[in-house]
Amino acid sequence: PSEQSQKNRVLSFKSAFAKLLDQGNRLIVVAPNPKFLDIDNSISDTCGAGPWSRLNPSCHKDYTFDAFSQRQKRETYLKSLREWAAIDPRVLIVDPYWLLCDIKDGLCHSRKDGVSKYWDQSHLNSKAVLSTYPLYQEAIKKTLGRMGQELTRSTESP
């Protein structure tokens, strides 16, 4: 999408979540997963932990793409998300992109250790989701820490 449409998407998020945030809630926004545009969606949704995956040739192919190129196409969107989180401490961004792509070879791989990571073009299967758990655990700790700081500040004020 164009830079303006990427910025507009974040503005829409801000508008959609304003009321919830104003009610004292916190928001953890997950940045987009790497997207494999060449995975055949009609059959790839069977690439999971089940035994049928062995029968699906699509599940055995390691699809790859240039991780830096796709990341650059999303940069305006990601920058807008980061700017939102920088000015609103109630918002935190979790970005699993480089955990799922290999920064060393600059490629995103649809498979890891011989197993597919995706159900379809952009949705992770359960094993891959579990690999991102530390990111979410850290985000929750950070969010709770911020809330604790806010509580401390509010009780210290006369």
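**Reading a predicted model: surface, sheet and pockets**

The accessible surface of the protein comes to about 9900 Å² (Shrake-Rupley method, 1.4 Å probe), and 58% of that surface belongs to carbon and sulfur atoms. This is a predicted model, in which local features need pLDDT of at least 70, side-chain atom pairs count only at pLDDT 80 or more, and totals for chains, interfaces and linings use all residues. Residues are numbered from 1 along each chain as its sequence is written, and side-chain values use heavy atoms, with hydrogens and water left out.

Q: How many helices and strands does the secondary structure of the protein come to?
A: Helices (H or I, at least four residues) and strands (E, at least two) are DSSP runs, numbered from the N terminus. Here there are seven helices and seven strands, following the pattern α-β-α-β-α-α-β-α-β-β-β-β-α-α along the sequence.

Q: In what order do the three strands of the open sheet stand?
A: Strands of a sheet pair through backbone hydrogen bonds, either parallel or antiparallel. Two strands are taken to pair if DSSP finds at least two bridges between them. In this model the order is β2-β5-β4, with antiparallel pairing. β2 (64–66) and β4 (101–102) each have a single partner strand and stand at the edges, so one side of each is left without a neighbour in the sheet. Two bridges join β4 to β5 (residues 107–109), and D102 is placed opposite L107 in β5.

Q: What percentage of the 158 residues is buried?
A: Buried means under 20% relative accessible area (1.4 Å probe, protein chains only). Such residues make up 35% of the protein.

Q: Which residues lie nearest the centre of the largest pocket?
A: Rolling a probe the size of a water molecule over the atoms shows where empty space is left. A pocket is an open set of points on a 1 Å grid over the protein atoms alone, where a 1.4 Å probe fits, with protein on both sides within 12 Å along at least five of seven lines; lining residues have an atom within 4 Å of a point. Of its 20 lining residues, P32, N33, K35, Q70 and R74 lie nearest the centre. α1 (3–22), β2 and α3 (67–73) each give two or more residues to this lining.

Q: Which element gives the most to the lining of the second largest pocket?
A: That element is α6, with three residues. The second largest pocket has a volume of about 190 Å³, and its lining includes L99, K112, D113 and S131.

How values were computed. Buried means under 20% relative accessible area, exposed over 50%, partly exposed in between (1.4 Å probe, protein chains only). Grid points are joined across faces, edges and corners, and a volume is the space filled by probe spheres set on the points.
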